Amino acid sequence: MDHGTAAAAITVQHLSKRFGALVVVEDLSFSVAPGEIVGFLGPNGAGKTTTLGMLLGLLLPTRGRIHVLGLPMPEERQRILARVNFSSPYVALPGNLTVRENLTVFAHLYGVRHARQRIGALLERFGLSEMRDRPAGRLSSGESTRLGLVKALLNDPAILFLDEPTASLDPDAAERVRDTLREVRAERGVTIFYTSHNMQEVERLSDRILFLHQGRLIAEGPPGEVLRRFERDTLEHMFLDVARQGISAP
Amino acid sequence: MKAARAVESGMGRAHATMPPADVASGAGFSAERVFALLLRQLYLYRRSMIRSLEIVYWPVMDLLVWGFLSVYVARLRGGGAVAIAFLVGAMILWDIFFRVQQAISVSFLEDIWTRNLANVFVSPISTGEFLCATMLLGVLKVIVIGLLLAVLASALYAFNIFHYGLPLLPFVLNLIFSAWGMGIITTALILRFGQGAEALAWAVAFLFQPFSAVFYPVQVLPAPLQAIAWTLPTTYAFEGMRAVLDGHPLPWGYVAWAIVTNAVLLGIAAAVFARVMRIARELGLLLRTEG
């Protein structure tokens with residue numbers, strides 16, 4: 001695959017991250033096209049969160065280059081971060097502020113004009129209008145996840161980075177989140193780069209998957225194609241084989 | 001079926017295309033982003049009566065204890081408004097220093113406690129904007145605390161700090177600069193060592209107290225400690241305050257030295273914070289979801 005930076009939403013070239021002697025990500029290269037939904041998979045400790053951290057400028061690579069929207073990270077960190085956004089169930093919005101207060105703060109952080117209308121429209125879309133004056137800490141897991149997504153869509157991002165967007169959601173709520181992500185992509189052409197441990201979700205939502213194991217990319221392509229290559233029926237089987245036996249691409 | 005479910009849950013109800021957001025470019029220093037972080041803290045105070053009371057509770061308690069003690073000491077010595085002025089004035093200025101330093105560190109801790117740190121740092125906020133917001137929060141707190149303590153001191157001890165007027169202002173400003181420096185260093189240490197270091201937010205200021213000649217003149221200290229005291233910007237502020245309260249003209253020498261030592265302190269603080277941010281980005285400390 002061509003990992004050129006020109007037209008790609010994300011380009012990663014020979015990326016490595018070490019913490020002392022511990023190699024977490026090793027010689028990782030991939031690119032993501034604008035408007036693509038890419039599932040970033042791998043067992044715990046595979047290096048997914050570390051890679052996500054480097055893409056978002058929270059972590060500095062030991063080696064390699066990252067371009068997001070054609071701009072180098074971390075050199076152009078501010079310009080990139082103004083045009084992307086992130087959500088994770090493991091990163092909370094302050095629970096002691098109301099839904100509306102939280103979103104107002106982040107609207108100012110992202111320089112969103114007409115913030116009140118934008119917040120109102122997004123809350124309506126995500127079924128959170130009734131919760132606008134409730135402290136964020138009193139929302140259910142499903143509502144918190146949706147609030148995280150509202151925050152992530154405030155600045156109309158070109159790329160949405162999501163860390164396990166449906167973790168801790170029941171199947172119905174998870175499906176609704178997936179529907180919304182598809183709609184957002186269809187409407188706005190948003191690139192979605194997300195991690196997940198829900199293999200069924202990945203098969204249904206992703207245009208393409210990147211499978212990471214022990215810091216290295218072991219598979220890349222549309223889910224069906226990867227399964228054929230690995231001679232597995234489902235991504236879940238493939239995931240288990242990788243996690244337990246460390247199989248690599250044939 | 002899918003549409004029915006969406007309507008039932010209230011989510012995805014508005015299937016009409018969302019209009020694009022009108023968003024600023026993100027590059028350069030943004031007063032709006034500074035305002036955003038400031039607003040985040042102000043919301044907390046507006047929402048929590050306990051938190052709002054906490055701003056004034058300790059300073060008022062300090063003023064009462066030290067104020068009445070000063071009155072008692074003054075009476076033992078057969079009077080002496082100057083003794084009261086020294087102690088009450090020192091107490092007010094000390095609280096200004098302490099609360100500003102604490103405001104900076106605690107507002108950072110707030111983001112660690114609420115697991116919000118990564119959200120803040122994946123926004124286009126710069127380190128300068130982040131620090132600027134916390135420093136402004138300190139100044140806002142000082143205005144509230146300073147006015148309240150001044151009114152109370154006037155009512156309870158007939159000590160009118162405004163009577164001394166502008167000569168005290170350079171020392172108050174220098175104490176704010178010192179507090180910014182110490183607050184930034186404390187925040188850097190909390191970022192580096194995690195929630196285990198949060199006690200520093202309350203303790204660091206008191207490390208300065210014995211050597212800053214807050215409640216007594218520098219001459220009281222043993223000679224080696226006097227040498228240490230004169231390296232601290234806070235010492236010049238408190239010595240200068242005593243000179244002004246004692247009726248002397250504004251000691252410009254103390255003002256100048258306070259500015260010089262504060263410039264050094266703020267320079268060190270900026271270097272320490274920049275270094276720790278670099279370490280944090282190398283070690284993934286900003287990705288921490290708990291302390």
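Two strands are said to pair if DSSP finds at least two bridges between them. This report applies that definition to a predicted model.

**The sheet of chain A**

Strands of a sheet pair through backbone hydrogen bonds, either parallel or antiparallel. In chain A, four strands form an open sheet with the order S2-S1-S4-S5, and the pairing is antiparallel. Strand S2 (22-32) and strand S5 (71-73) lie at the edges, since each pairs on one side only. On average, neighbouring strands of this sheet are turned by 30 degrees against each other, direction ignored.

Strand S4 (residues 63-68) of chain A runs antiparallel to S5(A), and three bridges join the two. Within this pairing, A:Ile66 has A:Met73 in S5(A) as its bridge partner.

**The contact between chains A and B**

Chain A contributes 47 residues to the contact, and chain B contributes 47 residues. Several helices of chain A each supply at least two residues of the side that touches chain B, among them helix H1 (48-55) and helix H6 (171-188). The largest share of this side, six residues, comes from H3(A). The table gives the composition of the side of chain A that touches chain B.

| Class | Residues of chain A on the side touching chain B |
|---|---|
| Nonpolar | 22 residues |
| Polar | 13 residues |

**A residue of chain B**

B:Ala155 belongs to helix H6 (residues 127-157) of chain B. Is B:Ala155 buried or exposed? B:Ala155 is exposed because 10 other C-beta atoms lie within 10 Å, and a residue counts as exposed at 12 or fewer. From C-alpha to C-alpha, B:Ala155 and B:Leu221 are 33 Å apart in space, and they are 66 residues apart in sequence.

Conventions: Residues are numbered from 1 along each chain as its sequence is written. Chains are lettered from A and ligands numbered from 1 in the order in which they are written. This is a predicted model: local features need pLDDT of at least 70, side-chain atom pairs count only at pLDDT 80 or more; totals for chains, interfaces and linings use all residues. Axes are lines fitted to C-alpha atoms, for helices over the stretch in contact, and angles run from 0 to 180 degrees between N-to-C directions. Two residues are in contact if their C-beta atoms, placed from the backbone, lie within 7 Å. Ala, Val, Leu, Ile, Met, Phe, Trp, Tyr, Cys and Pro count as nonpolar, Asp, Glu, Lys and Arg as charged, and the others, Gly among them, as polar. A residue is buried if 20 or more other C-beta atoms lie within 10 Å of its own, exposed if 12 or fewer, and partly exposed in between; C-beta atoms are placed from the backbone.
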